[in-house]
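Welcome! Please have a look at the structure first.

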Amino acid sequence: NFSWEVTDNASYSGNNSVYVRGRSNTDYQTEILDSPTYDLSDIQDNAVLSFYYAHARRNSSSDDLFRVRISRNCGESWNVRETREIDELPTVPGNTSSQFAPDSQDEWEEIVIDNISSIFLTDQFRIRFEFTSVNGNNIFIDNINIFDPNTLSTEEISALKNLSIYPNPAQENLRLNIDLTEAQNIRIDVLDASGRVVQSPY
């Protein structure tokens with residue numbers, strides 16, 4: 001069986017993503033990717049989970065299934081927050097009989113999960129990605145983020161044309177690329193999940 005692994009063959013941004021080689025996996029085998037434990041106890045109302053994924057249908061009999069679950073108790077119990085069956089799972093049109101890998105950002109799709117209510121905002125929060133391949137193809141995940149929506153504001157970025165942060169997630173260092181439509185002064189603050197400013201590098 002082929003489980004989740006890091007690859008440098010494709011990414012939405014940066015150099016790496018995680019994927020399952022569903023094209024070569026055993027039918028009906030479910031591969032699970034569990035996150036570390038996160039402390040979301042300082043968030044007040046709700047949290048948002050977002051990420052990009054890429055997938056292709058192998059043929060007309062493909063029946064791949066992708067689910068996202070969350071846990072408030074370090075994985076003792078899990079609640080489904082997203083399900084993508086084969087009719088809505090592929091991010092590219094048609095069939096791909098060979099080993100699929102996305103060639104550009106156009107072949108990725110963003111999923112935003114905003115129904116993470118206050119009951120899940122504990123110091124034992126975890127995320128689980130499940131992929132079941134049935135005569136199917138590969139799936140890739142990149143740019144996984146969880147954040148407090150109340151700390152985000154678009155009011156000050158009207159001149160923002162493009163922004164990318166990679167690698168994501170980062171262990172020690174990351175690169176921030178900003179493309180503005182006009183020259184202006186900017187300030188960058190780094191916030192933790194509760195919205196507290198932990199660094200102002202620029």
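## Partners of strand β2

Let's start with a pair of residues: valine 18 has isoleucine 141 as its bridge partner in β9. β2 and strand β9 (residues 139–147) run antiparallel and are joined by three bridges. Strands here are DSSP runs (E, at least two residues), numbered from the N terminus, and two of them pair if DSSP finds at least two bridges between them.

Strand β1 (residues 5–7) is also antiparallel to β2, again with three bridges. There, glutamate 5 stands opposite tyrosine 19.

## How the model is read

This is a predicted model, in which local features need pLDDT of at least 70 and side-chain atom pairs count only at pLDDT 80 or more, while totals for chains, interfaces and linings use all residues. Residues are numbered from 1 along each chain as its sequence is written, and side-chain values use heavy atoms, leaving out hydrogens and water.

## Two covered faces

In a regular strand, side chains alternate between the two sheet faces. Strand β2 (residues 17–20) is covered on both: Ser17 and Tyr19 on one side, and Val18 and Val20 on the other, are all buried (under 20% relative accessible area, 1.4 Å probe, protein chains only).

## The whole sheet

The five strands form an open sheet in the order β1-β2-β9-β4-β7, with antiparallel pairing. β1 and β7 (109–116) are at the edges with a single partner strand each, so one side of each has no neighbour in the sheet. On average, neighbouring strands of this sheet are turned by 35° against each other, direction ignored; the axes are lines fitted to C-alpha atoms, with angles from 0 to 180 degrees between N-to-C directions.

Key:
Buried means under 20% relative accessible area, exposed over 50%, partly exposed in between (1.4 Å probe, protein chains only). Helices (H or I, at least four residues) and strands (E, at least two) are DSSP runs, numbered from the N terminus.
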